[in-house]
Amino acid sequence: MLYQRRLASRQEILTETTMSALRQIRAGRLFAVSDLHVDYARNRDWVAGLARGNYEDSVLLLAGDVSHRLERIRETFAILKTMFKEVFFVPGNHDLWVTGDHVDSLEKLR
């Protein structure tokens with residue numbers, strides 16, 4: 001006999017996973033942002049200018065394309081980690097671009 005069950009919709013999975021993570025972290029709000037591209041001074045200034053104190057009970061999902069330069073990614077993480085209770089990062093294609101400092105994208109990710 002074939003075991004069958006109703007598959008959860010994508011929204012149910014995301015909601016269930018997100019809510020479970022928020023309960024474990026005990027965060028008040030969840031923010032998501034992508035494509036910061038902090039190689040541009042204007043974007044870097046925007047990140048640095050976020051109002052401190054408004055997000056200390058919040059979680060940030062940083063969904064890629066921060067910078068192709070590792071030092072800029074680290075600087076951005078350092079800023080955001082002081083503002084948010086937790087910061088989760090999913091690298092984008094720009095974050096994994098190899099410009100000569102690394103052998104390949106996987107090495108850069110590590």
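This is a predicted model: local features need pLDDT of at least 70, side-chain atom pairs count only at pLDDT 80 or more; totals for chains, interfaces and linings use all residues.
Residues are numbered from 1 along each chain as its sequence is written, and side-chain values use heavy atoms, with hydrogens and water left out. Local features need pLDDT of at least 70 and side-chain atom pairs count only at pLDDT 80 or more, whereas totals for chains, interfaces and linings use all residues.

Strand β1 (residues 29-33) pairs with β2 (58-62) in the parallel sense over five bridges, where pairing requires at least two DSSP bridges. Within this pairing, R29 stands opposite S58 of β2. Four of the five residues of β2 are buried, that is, under 20% relative accessible area with a 1.4 Å probe, protein chains only. Strands are DSSP runs (E, at least two residues), as are helices (H or I, at least four), numbered from the N terminus.

The largest nonpolar core comprises 12 residues, including L36, V38, L60, L62, V66 and I73; such a core is a set of buried Ala, Val, Leu, Ile, Met, Phe, Trp, Tyr and Cys residues joined through side-chain atoms within 4.5 Å. Both β2 and α3 supply at least two of the core residues, and the largest share, three residues, comes from α3. Not counting residues up to four places away in sequence, V66 contacts (heavy atoms within 4.5 Å) L36, H37, V38, D39, I73, T76, F89 and D95.

Helix α3 (70-83) also gives the most to the lining of the second largest pocket, with four residues. Helix α4 (105-109) supplies at least two residues of this lining.

Definitions and conventions
Buried means under 20% relative accessible area, exposed over 50%, partly exposed in between (1.4 Å probe, protein chains only).
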